[in-house]
Amino acid sequence: MSQTTIESILQEKRLFSPPAEFSQQAYVRSVREYEQLYDKAKANPERFWAELAEQELDWFQKWDTVLDWQPPFAKWFVNGKINISFNCLDRHLTTWRKNKAALIWEGEPGDSRTLTYAQLHREVCQFANTMKQLGVQKGDRVGIYMPMIPEAAIAMLACARIGAPHSVVFGGFSAEALKDRLVDAQAKLVITADGGYRKDNIIPLKEQVDRALADNGVPSVQNVLVVQRTKQQIHMEPGRDHWWHDLQQGASADCPAEPMDSEDLLFILYTSGSTGTPKGVVHTTGGYNLYTHMTTKWLFDLKDTDVYWCTADVGWITGHSYIVYGPLSNGATSLMYEGVPRPSNPGCFWDVIEKYGVNIFYTAPTAIRTFIKMGEHLPKARDLSSLRLLGTVGEPINPEAWVWYHRIIGNERCPIVDTWWQTETGGHMIAPFPGAIPTKPGSATRPFPGIIADVVDLDGNPVSGEEGGYLVIKHPWPGMLRNVYGNPERYRSTYWEHIAPRDGQYFYFAGDGARKDEDGYFWVMGRVDDVISVSGHRLGTMEVESALVSHPSVAEAAVVGKPDEVMGESIFAFVTLEGNYSPSDTLIDELKKHVVKEIGAIARPGEIRFTDALPKTRSGKIMRRLLRNIAAGQEVAGDTSTLEDRSVLDKLRGGA
């Protein structure tokens with residue numbers, strides 16, 4: 001986030017109270033009710049979560065202990081038996097929700113499909129049995145590399161049903177990135193599609209899977225299941241590859257949900273880290289089920305009559321928590337859309353809202369800034385009167401975009417729920433209760449009950465006044481990550497040792513800076529580590545640097561984020577070349593394509609600048625802080641006394 005943006009946010013004083021009509025119908029109706037709930041949770045977090053777990057979820061066997069906290073490792077609802085697929089499906093079949101729409105799906109070309117809870121249950125059970133026929137057992141990991149189609153949610157729920165942890169990989173990642181994740185998770189089965197539609201193009205997903213598995217690149221994979229979506233010609237490897245529809249057709253619809261231990265692994269989701277190799281974030285069953293259920297219910301003020309739409313992809317945590325598990329656990333109608341605003345239909349989001357009468361709309365600030373550029377005539381040409389609540393996710397939203405969203409999309413009558421959370425947290429951590437908390441454009445407002453958040457310095461001391469610092473969580477919560485898959489030391493060092501524990505107090509910290517104002521509202525200022533947020537998606541700078549250096553022309557690379565008014569940040573790469581290569585526009589294009597091949601289109605550098613050398617300290621560390629200044633076109637700020645060769649910086653500034 002640029003200094004100008006930060007300064008404008010710090011000066012933001014506008015206050016928007018919840019509409020009285022909305023508050024009257026809300027679960028939490030006033031600041032006073034919120035504070036009572038928050039104080040109750042803070043006084044006894046274990047009792048607070050235990051009461052909700054009993055009231056809101058179905059358990060096969062009750063737990064012995066609510067929380068076993070051996071810092072920094074937590075276990076919730078110890079020895080409790082539960083199944084999240086059962087909570088999302090089976091328990092609704094004994095109620096009127098049996099014939100209610102569970103998933104509404106709209107495809108990019110205009111095809112559509114609706115699955116009731118009874119129909120979704122049948123499809124999930126059939127697919128669970130299909131996986132069993134292929135030898136998938138409880139504990140086996142399953143890779144999912146899918147477009148935004150109902151089969152993606154069906155696959156996730158089927159994995160959860162039989163206790164086979166899934167690892168969903170975003171369909172925009174390259175074959176190399178997919179391979180790395182499948183190898184780390186030791187996946188036994190991969191579920192994919194022949195292709196998917198995105199921005200008027202067909203994404204060749206099966207082709208990427210073939211590349212990832214070529215030459216026995218992922219030896220653990222025994223079978224590949226393929227959904228027929230785009231119907232283009234693909235290679236089907238005999239004995240390994242199977243069509244979804246062939247196996248699904250003959251499968252039994254009787255598949256009881258496996259009783260899972262509350263702490264059994266539910267899924268692994270890979271997120272970027274500053275060391276270059278993606279981290280396999282581990283989420284388990286019972287605590288995650290409860291946390292996504294409660295945050296969905298309370299923060300979206302979810303009602304049985306709502307049509308709820310989260311625009312994320314299931315390849316990200318937002319899709320896991322707020323398209324599939326949270327909404328379906330609540331018995332909601334969750335809408336999935338395959339497309340995004342694109343040249344052939346820039347107003348497609350507004351078409352979908354109008355067509356289905358969407359009541360709750362949850363999207364990213366990047367998307368909102370894109371809508372602003374496209375013009376307000378597009379949403380104004382549609383009937384958006386069904387909307388009653390708006391949400392934002394993925395990154396801090398700038399006040400101007402917030403106000404546009406409130407005025408143009410919400411018609412100044414829809415509360416905006418600005419949510420701060422992360423892959424690692426499982427669900428929302430700081431966000432306004434829409435019927436209770438007056439909102440300030442750009443602020444995520446106040447923590448969810450049971451979340452003890454603070455802004456501290458490196459010694460763990462709360463910062464004074466409205467000073468900036470590190471955003472930390474000071475008590476475990478049910479939705480928290482349990483580990484980094486196969487690497488407990490990395491879990492400990494990444495999340496719990498940046499701010500040293502003191503007097504038995506551990507601080508969870510995952511890289512965001514923040515400040516807290518006089519009303520106790522949190523203002524998240526973005527990343528403080530070597531992770532770039534591009535359109536709300538986290539990419540490690542080391543990951544992109546490693547991809548660049550793997551090209552034969554590149555001797556060294558340094559990657560930083562550059563402020564971008566639409567994407568939040570774009571990728572700016574400084575590259576030094578091997579002796580036999582010369583800078584050229586052709587080489588820039590080649591390097592960008594190389595990064596896309598190694599990681600995926602989301603990692604494509606926006607700019608590449610060639611340089612003879614990089615600014616380094618005398619100990620050899622690249623001074624990325626200075627490169628960030630240069631990329632943003634700002635004056636180089638701060639201490640430069642440790643620079644080994646000041647002429648490097650002068651040359652870079654001269655070329656800015």
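**Close-up 1. The surroundings of Arg369.** Leaving aside residues up to four places away in sequence, Arg369 touches Glu395, Pro396, Asn398, Ala401, Glu565, Val566, Met567 and Gly568, where contact means heavy atoms within 4.5 Å. This is a predicted model, in which local features need pLDDT of at least 70 and side-chain atom pairs count only at pLDDT 80 or more, while totals for chains, interfaces and linings use all residues. Residues are numbered from 1 along each chain as its sequence is written, and side-chain values use heavy atoms, with hydrogens and water left out. Arg369 lies in helix 14, residues 365-374; helices (H or I, at least four residues) and strands (E, at least two) are DSSP runs, numbered from the N terminus. Because its relative accessibility is 9%, Arg369 counts as buried, a term that means under 20% relative accessible area, whereas exposed means over 50% and partly exposed lies in between (1.4 Å probe, protein chains only). The side chains of Arg369 and Asn398 are joined by a polar contact of 3.1 Å, that is, a pair of N or O atoms within 3.5 Å of which, within protein, one must be able to donate a hydrogen and the other to accept it, residues adjacent in sequence counting only if both atoms are side-chain atoms.

Close-up 2. An open sheet with mixed pairing is formed by 7 strands in the order 5-4-17-16-18-19-20, where two strands pair if DSSP finds at least two bridges between them. Its edge strands, each pairing on one side only, are strand 5 (112-116) and strand 20 (416-418). Strand 19 (residues 389-392) pairs with strand 20 in the parallel sense over 3 bridges, and Thr392 has Asp418 in strand 20 as its bridge partner. Across strand 18 (360-363), strand 19 and strand 20 lies helix 16 (residues 399-409), which runs at about 155 degrees to strand 19; axes are lines fitted to C-alpha atoms, for helices over the stretch in contact, and angles run from 0 to 180 degrees between N-to-C directions.

**Close-up 3. Strand 17 within the sheet.** Strand 17 (residues 333-337) has 5 of its 5 residues buried, so it is largely enclosed by the rest of the structure. Both of its faces are covered, with Thr333, Leu335 and Tyr337 buried on one side and Ser334 and Met336 buried on the other. Strand 4 (residues 101-106) pairs with strand 17 in the parallel sense over 4 bridges, and here Trp105 stands opposite Met336. Strand 16 (residues 307-310) also pairs with strand 17 in the parallel sense, over 3 bridges, with Tyr308 opposite Ser334.

**Close-up 4. Two loop residues with positive phi.** Most residues other than glycine have a negative phi. Lys231, in the loop between strand 11 (223-227) and strand 12 (241-243), has a positive phi of about 65 degrees although it is not a glycine, and at 63% relative accessibility Lys231 counts as exposed.

**Close-up 5. Helix 20 and the glycine after it.** Of the 8 residues of helix 20 (residues 624-631), 6 are buried, so this helix is largely enclosed by the rest of the structure. The buried residues are Arg624, Leu626, Leu627, Asn629, Ile630 and Ala631. Just after helix 20, Gly633 takes a positive phi of about 75 degrees.
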